[in-house]
Amino acid sequence: MSGSWSCFLTSKKDKMERYAFIGVLGADAQLRGENGKQFVTFDVAVTNKFKDKQTGQVQERTKWIACIRNGTSGVDQYLVKGQQVYVEGDVTAKTWQDRD
């Protein structure tokens, strides 16, 4: 398996390429810090349902999106596992290759 999306949440309203989605948190948000800056990380599961053209059966596909929010503003206390969330921000694609 390979592939990932990272969503960097910013407050820049002048950006034209922004993404929005609704999903469910896979774990509690983590407050982190690096080089004197704080940020919150959390993973969101986004599930889409679709009808398979060959079998006619309804299928589900879940994608996990790793999100980073610069600054904290106390949002980490509200981002708990199982919570449904609306996320909007800039997206950066990153890929990796499993060891298998």
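Which residue forms a salt bridge with lysine 49? The legends below take up this and other close-ups.

**About the model.** This is a predicted model, in which local features need pLDDT of at least 70, side-chain atom pairs count only at pLDDT 80 or more, and totals for chains, interfaces and linings use all residues. Residues are numbered from 1 along each chain as its sequence is written, and side-chain values use heavy atoms, leaving out hydrogens and water.

**View 1. The salt bridge of lysine 49 and glutamate 60.** Glutamate 60 is the partner, with the closest N and O atoms 3.7 Å apart. A salt bridge is a side-chain nitrogen of Lys or Arg within 4 Å of a carboxyl oxygen of Asp or Glu, and the structure holds 1. Lysine 49 lies in strand E4 and glutamate 60 in strand E5 (residues 58-70), so the pair ties together parts 11 residues apart in sequence. Strands are DSSP runs of at least two residues, numbered from the N terminus. Lysine 49 is exposed at 62% relative accessible area, and glutamate 60 is exposed at 53% (exposed means over 50%, buried under 20%, partly exposed in between; 1.4 Å probe, protein chains only).

**View 2. Threonine 41 in strand E4.** Leaving aside neighbours within four places in sequence, threonine 41 is in contact (heavy atoms within 4.5 Å) with residues including Cys67 and Ile68.

**View 3. Asparagine 35 in a loop.** The loop runs between strand E3 (30-34) and strand E4 (37-51). Asparagine 35 has a positive phi of about 55° although it is not a glycine, and it is exposed at 75%.

Conventions: Helix = DSSP H or I, 4+ residues; strand = E, 2+ residues; numbered from the N terminus.
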